[in-house]
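Dear colleague,

Please find below the sequence and structure that I am passing on to you. My notes on the findings follow directly after them.

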Number of protein chains: 4
Amino acid sequence: MTHLVLIHCPNQPGLIYKVTGVLFRHGLDMVRTGEFVDRLANQFFMRSEVIGEFDAAAVLQELRQALPPTASIRITNNEPKNIVLMATKEHHCLSELLVRHEFGELNARVLGVISNHEVLGDLTRKFNLPFHYLPHAGRPREQHEAEVLAVLAQYQPDFVVLAKYMRILSPEFVAHYTNRLVNIHHSFLPAFVGASPYAQAFERGVKFIGASAHFVNEQLDQGPIIFQSVMPIDHTQSAAEMAQAGRDVEKITLARSLKLVFDEQVFVNGNKTVIFD
Amino acid sequence: MTHLVLIHCPNQPGLIYKVTGVLFRHGLDMVRTGEFVDRLANQFFMRSEVIGEFDAAAVLQELRQALPPTASIRITNNEPKNIVLMATKEHHCLSELLVRHEFGELNARVLGVISNHEVLGDLTRKFNLPFHYLPHAGRPREQHEAEVLAVLAQYQPDFVVLAKYMRILSPEFVAHYTNRLVNIHHSFLPAFVGASPYAQAFERGVKFIGASAHFVNEQLDQGPIIFQSVMPIDHTQSAAEMAQAGRDVEKITLARSLKLVFDEQVFVNGNKTVIFD
Amino acid sequence: MTHLVLIHCPNQPGLIYKVTGVLFRHGLDMVRTGEFVDRLANQFFMRSEVIGEFDAAAVLQELRQALPPTASIRITNNEPKNIVLMATKEHHCLSELLVRHEFGELNARVLGVISNHEVLGDLTRKFNLPFHYLPHAGRPREQHEAEVLAVLAQYQPDFVVLAKYMRILSPEFVAHYTNRLVNIHHSFLPAFVGASPYAQAFERGVKFIGASAHFVNEQLDQGPIIFQSVMPIDHTQSAAEMAQAGRDVEKITLARSLKLVFDEQVFVNGNKTVIFD
Amino acid sequence: MTHLVLIHCPNQPGLIYKVTGVLFRHGLDMVRTGEFVDRLANQFFMRSEVIGEFDAAAVLQELRQALPPTASIRITNNEPKNIVLMATKEHHCLSELLVRHEFGELNARVLGVISNHEVLGDLTRKFNLPFHYLPHAGRPREQHEAEVLAVLAQYQPDFVVLAKYMRILSPEFVAHYTNRLVNIHHSFLPAFVGASPYAQAFERGVKFIGASAHFVNEQLDQGPIIFQSVMPIDHTQSAAEMAQAGRDVEKITLARSLKLVFDEQVFVNGNKTVIFD
C-alpha cells in the first residue's frame, strides 16, 4: 500500500538522510520523492511516496526525534478528504465538482453545499447532497458568517472550497480555515484584481484570459497561488463572451488545483506554494 | 499578384457591399477577407486579400467616393516595411530580429540599429548593419531624444521597434511615431507593470510568466496590445531563472507581433487592436 | 435580431459582391463576416452575421439566382440545434454535455441519450432526459445499428454526438448522418490511431497528450477535424494517470467543437474544415 | 559550489538512504533532489543538487560500494558541454543555437559546425566558428559518414546536435554516439513520421503542429523523446505557411531540450526519458 510522508521544516544539513534512514529501517521503499530547499527562506520541503507495511506511529515518532522541533510531519495514506463546497449563483465550478465527485474522481467526499442563494439547490439535490441556503441579505456580516461557520462546524471538513462564492470573507472567518480554504479567482492574478474582471479584460484588449486557484488568506486575492491556466481570446469576443469562455478555464483550473491539494502535492511556503509532481 | 485592401471607418449599412462593388468592377478576386464591426464603438474594419491586375489609384479614388470622408483606406502589395530597431543591453530580441532579417523572414528591411549602450554593436555589425550608439548618460532627456529622432529622420522608417530598449520615451517622442512604435513588454500585461517584473513574479509565486507586444502611446505600457504569450514556470525557479525563461517568450512574442504588423493584419481600434488571421 | 448567412460554393470572381449586394438591398447590416477561398480546391466559403428585419425567403431566392447552381446557401437565426447523445460507459463527456445543457450553455436541445450499456442511465435521468439502452451484445451489428437508427429517426436530430461511444459504426450507419455526426477521438490525431491510445502514449514516452473532435466519415478516425487540444504530461504519470488526464482534455475539446458546430462556425471542405472565428 | 549527483540503477530498497548517507557524511547539503522509480521496469533514477566542499573521488568510490554494481553514477559540476552542430540548408535551428552560444546561454561550447551543404557557412563564420563542408553528393553513404566521424573524432564532443541535418544516419554511425545525439524532428511525434510533414499536416487539416526533440537511436525517429511543443494553426494557412510557422516551434523545442540535456536533467530510460525539473 502506498503512503505519503510529508515534511516541512527549517533547513539544515542531513535532513533527507535522517528521513530516509528512518524510512529504510522500517522497511519502506521510496518510489517517488520530491525534495526542495527554498534557500532564500531556508525552508526544507519533502514529499515521498512509500510502499511497504509499517507502524506509522513509530515512524512518526522517530521522525520527530530526528527533525527540528518545529517540523511539520505528516504520514497519510492519501485517503479522500472531507470537503464542503460554497457557491453563489454560477453553476460551472459547482457542477464540475459535483460530477467528478459523483464518479469518484475527486479524491474527496463532498459533505454538503452552502450557498447564499437558492438557485443551485436543484443541481445539488440531483446529486443527493445536502444544500444549505444561508442568505446574507438583511443580515450583518458577522451574523451571516457565524451561521456559515456553524454549518461548517457540523461537518468538520478538511477543506472548504469556494466554488464561485461571491462574498468577501472576513479575516476572522478565514482564520478558522488557514491553508484549508481554496478559492477560484476569476482572472490571471495579479491582473484584474477586483470586480468585473472580464469587463476590464475586454476594455484592455488582452489576448488571453486566465484563472487562478489559491488559498485564501486575510488579504483578499493575495493568498498562495496553487494553479493557473490561460486560454486565448480575440477582438471578436464581447465582454459577455469572454465571461462565458472564462468559465471553462475557471472550472478546470479549480478542479486541477483541488487534485493537487487533495493528493497532498501542495505545500504552503509563506505566500507561495511548493508543488511536487 | 496579391494586394491588400485595408479599410477603417465609422460603421454604416452597406459598407462591405460598396467596397466589394468597387473591387469587382475592377476585376479583382477577393481570396481572403476579414470584416469586423465594433458595435460599441461603431467602427468598421475590413482587410481583404485580392488578386488580379488593376489600377490602384483608380480603385482608391472610387473607394474614397464610396466610403465616409473620414475613412482610412489603404491599398498595398504588402512589400517589406522599412524599420529601425532600438535596444539597450539585452541581446535576445535584437538577435532574433537580426537573424530573421538576415534570412528574409521578417517582411521588413532593417535600416539600422540605435542603442544607448555599446554592447550590442558587435552583434549588429556581424550582420553588416549600421549601429548608432547614442548614449543617454550625462544628457538631458530632451537632447538625447532629439538625437535619436535625428537618426530616425534620416531613415524615414515605417516602424520603429523597441527590442528591449530600456529607456522611457517622452510623449513628445512617441507622438512622432503614433501607431508605428512597437514595444515588447516584459510581462503579461496588465500584471507586473513597472520595474523588476520577474522579481515581482517570483515574490508572488505565479505559475506562468508572459510577455506582451504592444504599440506605444503616451501612457507607458498602456498602448494597444498586439500579441501575448505565456510559458509555465514553477517554484523551483529563482527570479534569475525566471528572467532567463522570460527572454524566450519575449523574443518569440515580439517576432510574432511584428509578423502581424508587417503583414498588415493589425488595426488599431482606440486602445485595442483588431487582428485578422 | 442577428441572423447568419452561410454560403459554400465553387469560387468565381464577384461572389462576395453579389452576396453583399443582395444583403444590402434588403437592408441588412453585416456586423461580422468571414470569407475564405481554398485556392487549391477552388472553393468559396462565407459566413456573415447580419442584423435587421428582412424576408428570409426572398433573400434566399435572390442568393440562389446570384450564385452558382451547386451553391449551398443557408440563412438561419442560429436557434438551438436538436441533438442526440450516444455514449458507452465513460461519463466524462456525457456529464459535461448534460450539465451545459441543463444550464442552457450548449446552444442545443438534448432530445435523448442512447447507450449500449446501462451504467450512464442514472446520470441521464438526473437531468430528466430519456435514456435508451440498446445493448449490442449478442446481436449482429446490422440489427444493433438498425435499432439505433430507429430511435434516432424518432428524434430527427440535427446532429448526433458520439460522447465516448466506443462501438465502430458501419459506413451505412454513418451515411445517414453525413457531416452531422461528431466524435471525440481519444488522441491527438493522427497519432495513436486505434485501441489503447494512452497505453501507446505511455510506451512512446510522449510529453503531451491530446484529443481531437471530428466529423465521422466512412473511414474510421479519418473525418474532418473540428478542434484539437493538448495537455502536457511527464514521466511520472502511469498509463492509467494519463488516461485520467486525457478525460479532461477530451471533454473540453468535445464541448468546444460542439460550440463551433452549433453556432454554425464550421464548414466541411473535403476532408478538412474551415472555421470562422 | 553546486555539484550534481546523478544515479541510475536497478531499484532495490534503501537506495536513497544509502546515497544520502554518503553525501551527508561528506558534509554535502542537498538543495534540490528528484527521485523516481519506474516500477514497471524496476529502475531507480536520482538527481541531486548538492552544495559544499568535498572530495569527489572519495564520494564516487563510496557510492559505488553502496550501490548495485551496474549502477551508473556521475558527479559533475555541470560545466559547459562540448558540442558539434550538424545542419543542412535551413538556418533556423543553427542560428538559434549560434546566437545563444555567442551570448553564453547554452551551457555548452560549440566546437564546430558540420554540413553537407555550403549555404550555412556564412552564418557560421559570422560567429567565428569552424565550418566543415562535407558534401554527400556522389559519395557512398559509408564514405560520407566516415568523413563526418573523422571530423567529430577531432573534437571529441560530449554531444552532437542535429540542427536540421536532413540525411538519415546509419545505425553504425548512431552507435558511436549512443544517447549523445540529439535530433529535432519536424512533427509532433508519432504523427507524420517521414517526409513532408507539413504537407501531410495540411492535407489532414490538423489544428496544431508541433516538434519533438529526441535522442537518435538505430530506428529512425523512434528514440527517446526529450521535449515537445505545439502551436496552433488554422485553415487559412497554406502548407508553406505551416512550414514557416513550424520553424519557430522547432527551434525553441530544440533549444529547450538542449538546456535540459546540458543541465543534466535528462535520464534515458529504455525508449523513454525521465526528466527532473
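In this predicted model, chain D and chain B bury about 2200 Å² between them, and carbon and sulfur atoms account for 49% of that area. Three residues, His91(D), Phe103(D) and Lys126(D), supply 25% of the area that chain D buries against chain B, more than any other three residues. The contact involves 26 residues of chain D and 26 residues of chain B.

Ten salt bridges were counted between chain D and chain B. One of the salt bridges between these chains joins the side chains of Lys126(D) and Glu102(B), with an N to O distance of 3.5 Å. There are also nine residue pairs in polar contact between chain D and chain B, both residues being at pLDDT 80 or more. On the side of chain D that touches chain B, at least two residues come from each of α3 (92-102), α4 (121-126) and α8 (239-262) of chain D. The greatest contribution to that side is made by α8(D), with eight residues. By residue class, the side of chain D that touches chain B comprises 14 charged, seven nonpolar and five polar residues.

Turning to the fold within a chain, chain C contains an open sheet of seven strands with mixed pairing, in the order β7-β6-β5-β8-β9-β10-β11.

Val182(C) has Phe215(C) in β10(C) as its bridge partner. Helix α8 (residues 239-262) of chain C lies across β5 (81-87), β6 (108-115), β8 (159-162), β9, β10 and β11 of chain C, and runs at about 150° to β11(C).

Finally, the whole structure holds 64 salt bridges over all chains. One example in chain A links Glu90(A) and Lys164(A), whose closest N and O atoms are 4.0 Å apart. Glu90(A) is located in the loop between β5 (81-87) and α3 (92-102) of chain A, and Lys164(A) in the loop between β8 (159-162) and α6 (171-175) of chain A, so the pair ties together parts that are 74 residues apart in sequence.

With kind regards

Conventions: Residues are numbered from 1 along each chain as its sequence is written. Chains are lettered from A and ligands numbered from 1 in the order in which they are written. This is a predicted model: local features need pLDDT of at least 70, side-chain atom pairs count only at pLDDT 80 or more; totals for chains, interfaces and linings use all residues. Side-chain values use heavy atoms; hydrogens and water are left out. Contact means heavy atoms within 4.5 Å. Buried area is the accessible area (1.4 Å probe) that two parts lose on being put together, summed over both. A polar contact is a pair of N or O atoms within 3.5 Å; within protein, one must be able to donate a hydrogen and the other to accept it, and residues adjacent in sequence count only if both atoms are side-chain atoms. Helices (H or I, at least four residues) and strands (E, at least two) are DSSP runs, numbered from the N terminus. Ala, Val, Leu, Ile, Met, Phe, Trp, Tyr, Cys and Pro count as nonpolar, Asp, Glu, Lys and Arg as charged, and the others, Gly among them, as polar. Two strands pair if DSSP finds at least two bridges between them. Axes are lines fitted to C-alpha atoms, for helices over the stretch in contact, and angles run from 0 to 180 degrees between N-to-C directions.
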